[in-house]
Amino acid sequence: MTADAPSLDVRHLYVHVPFCARRCSYCDFSIAVRRTVPVHDYVTALRAELTTRLGSDRRLHLETLYFGGGTPSHLGPDGVRAMLDVVREFASWPEDAEVTLEANPDDVSTEAARGWLAAGVTRVSLGAQSFDPGVLAWMHRSHSVDQVHRAVDVIRDTAFASWSFDLIFALPASLGRDWARDLTLALEKEPPHLSLYGLTVEPGTPLGRWASRGEVRAADDSAYEHEFLSAHAAAESAGLEHYEVSNFGRRGHHARHNRSYWTGARYLGIGPAAHGYDGRQRRWNVSAYAAWLAAAMRGVDPIGGTEVLDSAEQSLEAVYLGLRTTAGLEIGTADAGRVAPWITAGWAHLDGNILRLTPLGWLRLDTLAASLTPVPVSH
C-alpha cells in the first residue's frame, strides 16, 4: 500500500484482542483463554483481514484507535508493538491521536508500560473493577488488590497522555462489597478518567448459571440507583465531569474514541466479534477466535452479519445517543410539553431547545428516549 493511496472516510478504528488468562464470571464477550498467547498468528490474521477489507488502494487516516477485548495487554509489550505495526501498514494518525489500550493490572509492569508507550499507546484503560479481594475472586479476576495499586503507580509514572480506571457496581448484596470504600480508593488515585459499569447477568456466563440456580441474586433497582447516584456525587466532588452515563473525566480527558460511537460517527472494527458502522449499516465479525482466524487467513471477509438502519431507526438511535451524554438532544416544540414533567421530577433540564438528562434521568434512559419524537437524520 502506498503512502498516497486514497483514504477511506473512517476516522476511528476498533481492534478486538480476544485473549484472556481466564474468563470472568460475568463476561459474555468474545474471548479466547490462552496460557500462551499466539501473537504471531493473531497479528498475521489482523494483517490479512485489513488486506481483505481495505484492499491495496485505500488508506485510513485516523483520529482514534482503541484496542479492546479480551485483554489486549495480555499480548505483552512486543505483541502490542507488533499489532500497532500491522495497523500502521494500512493507516496513519497524528501525534495527538488517542490510542487506547485496555489492560489488566497483572499485565502492568514498568517494562510493559514503557513498551506500550514506545509502540504508540497514548492512553491506558485499567480494568481494576474492585479493591475487595473477595469480590475479585468471585469475579474470577486474574489480579490481586496489590497489583491494582502497583499498576496505577506504574501508569502514573509513565508519560501516557491519559489513563482511565474501571469499576463495576451493583454487585449482589450477598458479597458484602463496600461500594463507598471502592469509590474512595479509586478516587484517591486521582484518575483523569473513570468508567463505572453496572453488573448485568448474562445467559451462558458463570454468573448467569449461578443466578438460574438461585445461588446469586442480582442487586435490586434501589441498590443500583443508590450506588449510581453516590458514584456521581463522589466523582464530581473529586473534579470529574459526569459527561456520559458510565463515564467521568477531567477536562481534556474525555474518551474521544467512545465519543465517536455516541455521536454516530463512522468507525471500522477488526478482529473477532468486532463491530463497525458506515453511517447507515452496522456489521460485525464472526465471534469465535478460531472461526475469525480461519476466515482471515483464507483471505475471506470474516463477516458475521449486517444490519441496515432505515431512516426511522437512525432517528431513534440519534435520540438515544443524544440523551446519554451531556451534549444533550435538540428537541422540537412538539416535545417541549412532553418533557416538562421530567424537569419537575429532576430527570432533565432544558437549555433553550437542548434537552439534557440528569443522573436521575439516565437511570430511566431507555424509557425516556422511547417516548420522544425521532428527529430526521441528514446524510
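Me: Which strands does helix α8 lie across, and at what angle does α8 run to β12?
Reply: This is a predicted model. In it, α8 (residues 221-237) lies across β10, β11, β12 and β13. Its direction makes about 125 degrees with β12.

Me: What makes β12 and β14 edge strands?
Reply: Start with the sheet. It is open, has 9 strands and mixed pairing, and its order is β12-β13-β11-β10-β9-β8-β6-β2-β14. β12 (241-244) and β14 (268-270) each have a single partner strand, so one side of each has no neighbour in the sheet. On average, neighbouring strands here are turned by 20 degrees against each other, direction ignored.

Me: How do you know that β10 and β11 pair?
Reply: Pairing takes at least two bridges. β10 (residues 162-169) and β11 (residues 193-198) are joined by 6, so they count as paired. The two strands run parallel. Ile168 stands opposite Tyr197 in β11.

Me: What span is expected for helix α2, and what does α2 reach?
Reply: α2 covers residues 76-88, which is 13 residues. At 1.5 Å a residue, 18 Å is expected. From first C-alpha to last, α2 reaches 18 Å, close to that value.

Me: Why are the buried residues of α2 said to line one face?
Reply: Buried means under 20% relative accessible area. In α2 that holds for Gly76, Gly79, Val80, Met83, Leu84, Val86 and Val87. Down the helix axis they fall within an arc of 155 degrees, so they line one face of α2. Their cover includes β2 (12-17), α1 (39-54), β6 (64-69), β7 (91-92), β8 (98-103) and α3 (110-119).

Me: Which residues of α3 are buried, and which are exposed on the other side?
Reply: Ala112, Ala113, Gly115, Trp116 and Ala119 are buried. The buried residues of α3 pack against α2, β8, β9 (123-129) and α5 (145-157). After α3 comes Gly120, with a positive phi near 120 degrees.

Key. Residues numbered from 1 in each chain as written. Predicted model: local features only at pLDDT ≥ 70, side-chain atom pairs only at ≥ 80, totals over all residues. Heavy atoms only, no water. Helix = DSSP H or I, 4+ residues; strand = E, 2+ residues; numbered from the N terminus. Expected span 1.5 Å × (residues − 1). Buried < 20%, exposed > 50% of the residue type's maximum accessible area, 1.4 Å probe, protein only. Arc of directions from axis to C-beta. Contact = heavy atoms within 4.5 Å. Axes fitted to C-alpha atoms, helices over the stretch in contact; angles between N-to-C directions.
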